[in-house]
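Subject: Structure handover

Hello,

Here is the structure I said I would pass on. Please open it next to this email and follow along as you read.

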Amino acid sequence: FLGTSLVPYAFLTSRVGYPAEAFKRGVQGKVELVLVIDTTGQIKHYYVVNDIRPLLSDAVLLAVEKFPPEWRWIPARSNKVHIESTYTITIHFDLE
């Protein structure tokens, strides 16, 4: 991320909250969000790895849609050429 990698994490955690239905059912765990960054530093697409807790995953995916459009990511390089890459953010949901 152009800036510090904590910015996207802080943004997500401040907007996700604990989904009420997940809290009521005692659902907890982690959601691994993968952002695919294109060669220009834009998010090409995103997905959740091991989507076994849909109540939690859905909350994270909704929050990602609210990323400011002006945010830019630093594209990876290989042999001095920008390449598509992935960036993973892990969000923990813990009831304890």
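What follows is a short account of what was found in this structure.

First, a caution: this is a predicted model. Please keep that in mind when you read any number below.

**Overall layout**

The protein contains three helices and five strands. Starting at the N terminus, the order of these elements is α-α-β-β-α-β-β-β. Taken along the principal axes, the C-alpha atoms fill a box of roughly 50 × 25 × 20 Å. The protein has 96 residues, and 32% of them count as buried. If you take the contacts between residues at least 6 apart in sequence, 74% of them join residues at least 24 apart.

Three strands make an open sheet in the order 2-1-5, and the pairing is antiparallel. Strand 2 and strand 5 (85-93) are at the edges and have a single partner strand each, so one side of each has no neighbour in the sheet. On average, neighbouring strands of this sheet are turned by 20 degrees against each other, if direction is ignored.

How many bridges join strand 1 to strand 2? There are six, and the two strands run antiparallel. Two of the pairs can be looked up directly: V36 has H45 in strand 2 as its bridge partner, and E32 has V49 in strand 2. Strand 1 and strand 2 also form a hairpin, with five residues between them. In its turn, G41 has a positive phi of about 90 degrees.

**Helices on the sheet**

Which strands does helix 3 (residues 54-64) touch as it packs on the sheet? The answer is strand 1, strand 2 and strand 5. The direction of helix 3 makes about 35 degrees with that of strand 1. Helix 1 (residues 6-16) packs on the sheet as well, and touches strand 1 and strand 5. The direction of helix 1 makes about 40 degrees with that of strand 5.

**The cavity**

The structure has one cavity of 30 Å³ or more. The space in this largest cavity is about 30 Å³. Its lining is made up of K30, V31, E32, V48, V49, N50, D51, I52, R53 and S57. Strand 1 (29-37) and strand 2 (43-49) are the elements that give two or more residues to this lining. Strand 1 gives the largest share, three residues. By type, the lining residues divide into four nonpolar, two polar and four charged.

One of the lining residues is S57, which lies in helix 3. Is S57 buried or exposed? Its relative accessibility is 2%, so S57 counts as buried, the cut-off being under 20%. Leaving aside residues up to four places away in sequence, S57 touches V31, V48 and D51.

**The loop between strand 3 and strand 4**

Most residues other than glycine have a negative phi. N79 is not a glycine, yet its phi is positive, at about 50 degrees. N79 sits in the loop between strand 3 (76-78) and strand 4 (81-83). The relative accessible area of N79 is 74%, so N79 is exposed, the cut-off being over 50%.

K80 is not a glycine either, and has a positive phi of about 65 degrees. K80 is also placed in the loop between strand 3 and strand 4. With a relative accessible area of 76%, K80 is exposed.

**R77**

R77 belongs to strand 3. Its relative accessibility is 55%, and therefore R77 counts as exposed. When residues up to four places away in sequence are not counted, R77 touches H82 and I83. R77 and T39 are 38 residues apart in sequence, while their C-alpha atoms are 8.6 Å apart in space.

If you want a place to start, find S57 in helix 3, then look for V31, V48 and D51, which S57 touches.

Regards

Terms used
Residues numbered from 1 in each chain as written. Predicted model: local features only at pLDDT ≥ 70, side-chain atom pairs only at ≥ 80, totals over all residues. Heavy atoms only, no water. 1 Å grid on protein atoms, 1.4 Å probe; cavity = no way out; pocket = protein on both sides within 12 Å on 5 of 7 lines; lining within 4 Å. Points joined across faces, edges and corners; volume = space filled by probe spheres on them. Helix = DSSP H or I, 4+ residues; strand = E, 2+ residues; numbered from the N terminus. Nonpolar A, V, L, I, M, F, W, Y, C, P; charged D, E, K, R; others polar. Pairing = 2+ DSSP bridges. Axes fitted to C-alpha atoms, helices over the stretch in contact; angles between N-to-C directions. Contact = heavy atoms within 4.5 Å. Buried < 20%, exposed > 50% of the residue type's maximum accessible area, 1.4 Å probe, protein only.
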